[in-house]
Amino acid sequence: MELVWSNFADHPHLRVYQDLHKQAGRIRQWPSWRERALANIRSGISKARQKAGERVWDWRKDHSVLVEILLWEKRFDEAWEEAKAGGCSDELWMRLAQWLEKDRPREAIPIYRAQVQRVLRQTGDGHYRQAVQHVHQIEVLLKKTKRSGEFAGYLQALRAEYRRKRNFVAMLDKLGAEEAKG
């Protein structure tokens, strides 16, 4: 166990956490090792934040590792709370948004809106298509939450903000035309 722990302490990632889970489960000591592992990750986050001025970027400053582990454990509410408390990677935000869609669609909408903004920091039709997919998901969620009236204003605001991204605006216009038909 000490070897597995040492590996985890040096490399606190999901795969190594899974190894720790497997080994601690074999000796029926998982709860105590789990608490130790999560405390270790939180300590690493805290230390990375204290040294934030020394580095431009450090993967340990946000809660991505914790969120990923909690999603793997199917502790979705805890993962959501960790993400809100300390942020996480875009991929994890999207996984959380997909989970939230079912029972808490109002909470998923801001995640998709933020993702649209992040995607549109880049150029190219592939990014624009991805952004339009997120915009469409926002439309679906607004309907689900009985807030459909907000969608036209949201589209108008996107068109105004990104008017220089003509291909993106054309894709939005197509989405708006499909909405008008449906």
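This is a predicted model: local features need pLDDT of at least 70, side-chain atom pairs count only at pLDDT 80 or more; totals for chains, interfaces and linings use all residues.
Consider next the pairing of helix 6 (residues 90–103) with helix 7 (residues 105–119), whose axes come within 7 Å and cross at roughly 150°. Because angles over 145 degrees count as roughly antiparallel, helix 6 and helix 7 are therefore roughly antiparallel to each other, and their crossing is left-handed. On the helix 6 side the contact involves Asp 90, Trp 93, Met 94, Ala 97, Gln 98, Leu 100, Glu 101, Lys 102 and Asp 103, which meet Pro 105, Glu 107, Ala 108, Ile 111, Tyr 112, Gln 115 and Arg 118 of helix 7. By class, the residues of this contact divide into 8 nonpolar, 2 polar and 6 charged.

Turning to helix 5, its axis and that of helix 6 come within 11 Å and cross at roughly 130°, and the two helices are therefore oblique to each other. The crossing of helix 5 with helix 6 is left-handed. Here Phe 76, Asp 77, Ala 79, Trp 80, Ala 83 and Lys 84 of helix 5 make the contact with Trp 93, Leu 96, Trp 99 and Leu 100 of helix 6, and the contact of helix 5 with helix 6 comprises 8 nonpolar and 2 charged residues, with no polar ones.

Conventions: Residues are numbered from 1 along each chain as its sequence is written. Side-chain values use heavy atoms; hydrogens and water are left out. Axes are lines fitted to C-alpha atoms, for helices over the stretch in contact, and angles run from 0 to 180 degrees between N-to-C directions. Helices (H or I, at least four residues) and strands (E, at least two) are DSSP runs, numbered from the N terminus. Angles under 35 degrees count as roughly parallel, over 145 as roughly antiparallel, 65 to 115 as roughly perpendicular and the rest as oblique. A crossing is left-handed if the near helix is turned anticlockwise from the far one by less than a right angle, and right-handed if clockwise. Contact means heavy atoms within 4.5 Å. Ala, Val, Leu, Ile, Met, Phe, Trp, Tyr, Cys and Pro count as nonpolar, Asp, Glu, Lys and Arg as charged, and the others, Gly among them, as polar.
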